[in-house]
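Dear colleague,

Please find below the structure that I am handing over to you.

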Amino acid sequence: MRKLLLLVAALLVAHVALLFIHPAGAAAPPAGHTIDVGVVFDLGGRGDKSFNDGAYLGAERAEKALGVQVRFIEPGEGSDRESGLRLLAAEGMDLVIGVGFIFTDDLTQLAREYPNTKFAGVDYSVATDPSGKVVPPPANLAALKFREEQGSYLVGALAALVGKSKKVGFVGGMDSPLIQKFEMGYRAGVKQVCPDCIVLSQYAGVTPEAFRNPGKGKEIALSQYQQGVNVIFHASGSTGLGVFEAARQTNKLAIGVDADQYSEAPGYVLSSMVKGVDNAVYDAIRKVKDGQFRGGIYQYGLAESGVGYVYDKNNERLIPPVVHARLEQLRQEIVAGRIVVPSTR
Amino acid sequence: MIALAFFAQTLRIAIPYLLAAAGGVMSERAGLIGLTLEGYMLGGAFCAVAASFASGSPWLGVLAAVAGGALLALLYAVSAIRFRADQVVVGIAINLLAIGLTRFLLRLFFDSSSNSPRVAGFTSQGSGTGFGALVQNPVVWLGIAVIPAAAWLLYRTPFGLRVRAVGEHPAAAASVGVPVARVRYLAVLVSGMLAGLGGAYLALDQHQFTDGMTAGRGFIALAATIFGRWDPLRAGLACLLFAAAETLQIQLQGTQAIPSQFVEMIPYALTIVALAGVVGRAVAPAALGKTTIE
């Protein structure tokens with residue numbers, strides 16, 4: 001027992017000591033050197049059919065079109081996300097990208113420790129100080145944010161126009177400011193086209209597990225459909241797969257999120273509120289390549305085609321032309337700034 | 001109408017809890033901590049989908065889930081009984097194994113880290129929200145029957161008597177010729193099969209496997225086991241209580257009458273209350289967690 005404790009203590013000391021070692025990395029990039037990019041995925045990694053896959057697509061496109069070298073790291077269960085980022089930064093990557101709001105604190109910390117490395121965070125959540133002022137990220141860190149409220153506004157209008165029952169539904173994953181942004185935009189969109197509509201809104205939980213609980217998602221959706229809702233918009237990761245299942249079971253409609261989710265339940269997915277994670281990642285890499293990279297907050301909204309809704313040959317028979325025209329009109333008004341979509345409660 | 005919908009939803013939410021909690025009671029009454037229920041459920045859920053996908057038959061999916069749960073349970077039993085490993089440590093390891101293994105196999109078989117393709121299940125398209133969809137599903141019937149069946153097995157059969165004996169005083173049981181290790185193996189295997197069945201319900205109800213889809217339901221079943229004072233009927237009631245609280249919160253959505261944080265807390269808070277002895281005395285099986293005595 002004593003020996004074991006000593007061993008553990010020794011390992012612990014070594015571990016802590018290693019924390020303070022900063023590998024120098026490649027000191028100065030030699031001339032003609034290609035750009036090295038490191039990407040750390042959020043839980044789920046590639047094949048999540050959502051923003052990890054989006055980031056992968058963007059990076060892969062950059063690899064082909066810009067000739068950069070990309071390395072991907074998929075963290076497992078637990079807390080080794082930070083070590084993935086740290087590894088890439090220490091290896092002297094030119095740009096390190098963290099995919100998911102969960103990397104916010106780690107990226108901020110590492111950007112301070114490695115001022116010569118450039119960082120980008122997809123869905124990076126910008127902090128505010130107690131007086132409510134925005135705390136800007138470090139100068140070598142780009143926060144890639146999306147105006148989810150704008151895309152959600154359009155699908156809110158879509159849900160109310162197609163649903164026709166004066167009741168529309170919303171299912172959120174983890175109750176958090178990021179997901180509330182979707183809800184607030186959605187509510188505003190519903191109110192715009194149907195002032196007396198009621199929005200039934202429910203979150204699957206208060207922990208990250210709430211993004212991976214399709215059983216709960218299905219029950220929430222069944223209960224909303226039963227109360228007279230015809231269309232539900234979900235912003236809840238794979239919990240939303242349960243919402244689609246409920247739509248099948250009750251012959252009603254659901255709206256997907258992040259990526260085009262039509263194939264998850266063909267005929268029951270009215271549309272999807274898509275986020276252009278691929279374009280944002282590609283943009284960030286291109287800027288590094290061109291030497292134009294600046295830290296700061298980047299917002300991708302309807303105007304930048306950073307968010308939008310799916311309207312293609314799969315779902316056009318579900319959306320009447322009048323409705324589509326109305327949505328396009330709303331889109332233009334938002335782009336022109338005549339409609340300002342709220343993003344907080 | 002509202003009451004009926006409420007009851008149907010409570011039952012739907014309760015089925016996986018009931019199956020896993022019956023397993024939890026069997027395992028814990030034999031002296032083996034039921035921390036692994038979560039892992040059995042997840043493993044069962046994956047096996048159900050893999051077999052249903054390969055064969056097109058949800059029945060084979062159910063059988064595979066039972067087998068998958070039993071396999072993980074066997075691993076637990078061998079580590080804890082044969083090699084006398086610490087039950088809590090092995091239990092956590094098996095849950096982590098189930099998470100990692102299902103994710104690995106999901107990617108290997110279905111090339112996705114999120115979810116499997118759609119498979120055959122018991123409920124049909126457009127079957128609605130009422131009892132129609134519920135009675136179609138044979139796993140629902142199993143979930144309802146499992147509690148009386150577990151009570152009968154535990155209190156009315158020689159095997160049940162032996163299970164209770166090895167959980168209370170294995171040395172005394174051994175002295176009258178009860179094969180302690182064999183009884184424990186069987187009890188753990190039964191618990192794995194039942195929890196695997198709970199996982200099969202979850203997965204076949206969704207018609208697919210989703211990474212980490214059990215989302216803590218095994219731990220809620222364990223909480224019900226303890227809150228039900230290791231008695232199948234009381235544990236069953238605890239499951240219904242937890243499910244009813246969840247249903248209430250879902251049905252009152254939008255009104256924010258009950259904060260979701262509060263409902264998520266209920267099973268665990270009640271478990272602490274039960275262990276603190278507020279509602280009657282909760283006395284665990286005396287040999288629970290001890291594997292060194294035979």
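How many helices and how many strands does the secondary structure of chain B come to? The secondary structure of chain B comprises 12 helices and zero strands, where helices (H or I, at least four residues) and strands (E, at least two) are DSSP runs numbered from the N terminus.

Before going further, please note the conventions. This is a predicted model, in which local features need pLDDT of at least 70 and side-chain atom pairs count only at pLDDT 80 or more, while totals for chains, interfaces and linings use all residues. Residues are numbered from 1 along each chain as its sequence is written, and chains are lettered from A and ligands numbered from 1 in the order in which they are written.

Chain B as a whole

Along the sequence, chain B reads α-α-α-α-α-α-α-α-α-α-α-α. Its C-alpha trace spans about 60 × 45 × 30 Å along the principal axes. The radius of gyration of chain B is 19 Å, which agrees with the value near 19 Å for a compact globule of 294 residues; this radius is taken over C-alpha atoms, and the globule rule is 2.2 Å times the number of residues to the power 0.38.

Two packed helices are described by the angle between their axes and the distance between the axes. Axes here are lines fitted to C-alpha atoms, for helices over the stretch in contact, and angles run from 0 to 180 degrees between N-to-C directions.

Helix H1 (residues 2-29) and helix H6 (residues 138-156) of chain B have axes that come within 8 Å and cross at roughly 20 degrees. H1(B) and H6(B) are therefore roughly parallel to each other (angles under 35 degrees count as roughly parallel, over 145 as roughly antiparallel, 65 to 115 as roughly perpendicular and the rest as oblique). Their crossing is left-handed, a term used if the near helix is turned anticlockwise from the far one by less than a right angle, with right-handed used if clockwise. The contact of H1(B) with H6(B) has 12 nonpolar, one polar and one charged residues. In these classes, Ala, Val, Leu, Ile, Met, Phe, Trp, Tyr, Cys and Pro count as nonpolar, Asp, Glu, Lys and Arg as charged, and the others, Gly among them, as polar.

H6(B) also crosses H9(B), at roughly 145 degrees and with axes that come within 10 Å. This crossing is left-handed. The residues of H6(B) that meet H9(B) include Val139(B) and Leu142(B), with contact meaning that C-beta atoms, placed from the backbone, lie within 7 Å.

Helix H3 (residues 58-82) and helix H9 (residues 180-206) of chain B pack at about 140 degrees, with their axes 7 Å apart. H3(B) and H9(B) are therefore oblique to each other, and their crossing is right-handed. By class, this contact has 20 nonpolar, seven polar and one charged residues.

The sheet in chain A

Chain A has an open sheet of six strands in the order E2-E1-E3-E4-E5-E11, with parallel pairing; two strands pair if DSSP finds at least two bridges between them. Strand E2 (69-73) and strand E11 (296-300) of chain A are the edge strands, each pairing on one side only. Strands E3 (residues 95-99) and E4 (residues 118-122) of chain A pair over five bridges, and Gly98(A) has Gly121(A) as its bridge partner in E4(A).

Where the chains meet

The contact takes 34 residues from chain A and 36 residues from chain B. H7(A) gives the largest share of the side of chain A that touches chain B, nine residues.

Yours sincerely

Note on methods:
Two residues are in contact if their C-beta atoms, placed from the backbone, lie within 7 Å.
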